[in-house]
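Visitor: Please take one part of this structure and look at it closely. Then set that part against the rest of the chain.

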Amino acid sequence: MSCFTQMLGNWISFPYLEEYLSSVAHSWWLRMLLILPFSIVIMTYLFVCAISFLLYVYKKRNNQQETDFDTKFWKKPKQITFQVLDIYGKIWHGYEAFGMEHLPKGPVLIIYYHPVCTIDYFFLIARLFKETGRECFSVCDHSIYRFPGWKTGLDAAGVKDFSKAECVEILKKGHSLGISPGGAREGNFSTDYNIIWGNRTGFARIALEAKVPIIPIFTQNICEAYRNIGKSRLTRWLYEKTRFFYLPVYGGFPVKLRTYIGEPIPYDPNITAAELAEKTKTAIENLRDKHQKRPGNILRALSERFDKHYKAD
């Protein structure tokens, strides 16, 4: 046996093995490892471009010229899109939403934590539309809305870089609105579900002016579904200078996702915007601390797909 092992070792010599592995790793796998973080971003970009093109054709074939965000024209495409999104959430993430009873009738301002990918928020508004017929408009970053080829798709989904006045108008018309105060900064540089809002109080001023309640939400395991790489002082500096800098993303892991809808924070004319913002932040942190095990773990989040005895508190 020892002779055979020695013969095999001489035949498959370590220099040859090292040379072979080096050629494979450097010519293929290394490149794949470098490309992989960007592939999800590229595929997402192209997918949204394709959907936007189909919606553009739909718009032209129906001679639709209206551009108002409150148009009824996009209701049918939105219904189909949300149906597909809801099915995807159920199959790939076993998506569930708890606390629907906390949503009062009438307009509300939904405030959520911004992970690397906000797919959980869109799962929620798809579920809301499917079960209640309620439309929810969404505020996105200026840079996202200006991505080439995305405008028609975002318009159809009710996603736009709405101004403060437009946000108030949406709520006063009886629609719901979703905002993530942390935005791209939080999505890029938050670690382990830490909220990065700074001194932002714009959403609170909108809620006070429109006289609507705030609904805090949090999604368990969302930071395990998608992650990014490259957090550093340099990349943070680049983001702050350009506001158009996004770190490479990887993931798409089929982890269990559960969205928890907190109790509404009612309109109070005697509270300041800063106080309301802090109250909302605390509410989201309480949901996080109650339902999220930290530090996050991808394998644990995957195993929760098979937890048949889980009960929401």
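**A buried tyrosine and its surroundings**

Guide: Tyr 193 is buried, with a relative accessible area of 1%. Buried means under 20% relative accessible area, exposed means over 50%, and partly exposed is in between (1.4 Å probe, protein chains only). This is a predicted model, in which local features need pLDDT of at least 70 and side-chain atom pairs count only at pLDDT 80 or more, while totals for chains, interfaces and linings use all residues. Residues are numbered from 1 along each chain as its sequence is written, and side-chain values use heavy atoms, with hydrogens and water left out.

Tyr 193 sits in the loop between helix H8 (183-189) and helix H9 (202-210). Helices (H or I, at least four residues) and strands (E, at least two) are DSSP runs, numbered from the N terminus. The backbone at Tyr 193 has a positive phi of about 70°, although the residue is not a glycine. Most residues other than glycine have a negative phi, and most peptide bonds are trans.

Lys 211 also has a positive phi, of about 60°, and is not a glycine. Lys 211 is found in the loop between H9 and strand E6 (214-220). With 55% relative accessibility, Lys 211 counts as exposed, whereas Tyr 193 is buried. Another backbone feature is the cis peptide bond that joins Arg 294 and Pro 295, with omega about 0°. Pro 295 belongs to the loop between helix H12 (273-291) and helix H13 (298-303).

The loop between strand E8 (249-251) and strand E9 (258-261) holds Lys 256. Lys 256 counts as buried because its relative accessible area is 9%. Leaving aside residues up to four places away in sequence, Lys 256 touches His 93, Gly 94, Glu 96, Gln 220, Asn 221, Ala 301, Glu 304 and Arg 305; a contact here means heavy atoms within 4.5 Å. The side chains of Lys 256 and Glu 96 meet in a salt bridge, at 2.9 Å from N to O. This pair links distant parts of the chain: Lys 256 is in the loop between E8 and E9, Glu 96 is in strand E1 (residues 96-98), and they are 160 residues apart. A salt bridge is a side-chain nitrogen of Lys or Arg within 4 Å of a carboxyl oxygen of Asp or Glu. Glu 96 is partly exposed, at a relative accessible area of 29%.

By this rule the count comes to 16 salt bridges. One of them joins the side chains of Lys 90 and Asp 86 (3.7 Å, N to O). These two residues are separated by about one helical turn, because they are 4 residues apart in helix H3 (residues 75-93). Lys 90 is partly exposed, with a relative accessible area of 42%, but Asp 86 is buried, at 2%. Asp 86 and Lys 90 are also linked with Arg 127 and Lys 130 in a network of salt bridges.

Lys 151 forms a salt bridge with Asp 155, and their closest N and O atoms are 2.9 Å apart. Lys 151 and Asp 155 are 4 residues apart in helix H6 (residues 151-157), so about one helical turn separates them. Both are partly exposed: Lys 151 has a relative accessible area of 45%, and Asp 155 has 25%.

The surface also has a nonpolar patch of about 600 Å², made by Phe 47, Ile 51, Phe 53, Leu 54, Tyr 56 and Val 57. Patches are made of residues with over 30% relative accessible area and no salt bridge; like charges are joined within 9 Å, and nonpolar side chains (Val, Leu, Ile, Met, Phe, Trp, Tyr) within 5 Å. Tyr 56 lies in helix H2 (residues 14-61) and is partly exposed, with a relative accessible area of 40%.

As for the whole, the protein chain has 13 helices and 9 strands. Of its 313 residues, 44% are buried. Among contacts with a separation of 6 or more, 80% are between residues 24 or more positions apart. The chain exposes about 17800 Å², and carbon and sulfur atoms supply 61% of this area; accessible areas come from the Shrake-Rupley method with a 1.4 Å probe, and for residues only the protein chains shown count as cover. A search of the whole structure finds 0 disulfides, a disulfide being a pair of cysteine sulfur atoms within 2.5 Å. Cys 140 counts as buried at 16% relative accessibility, and Cys 223 counts as buried at 15%.
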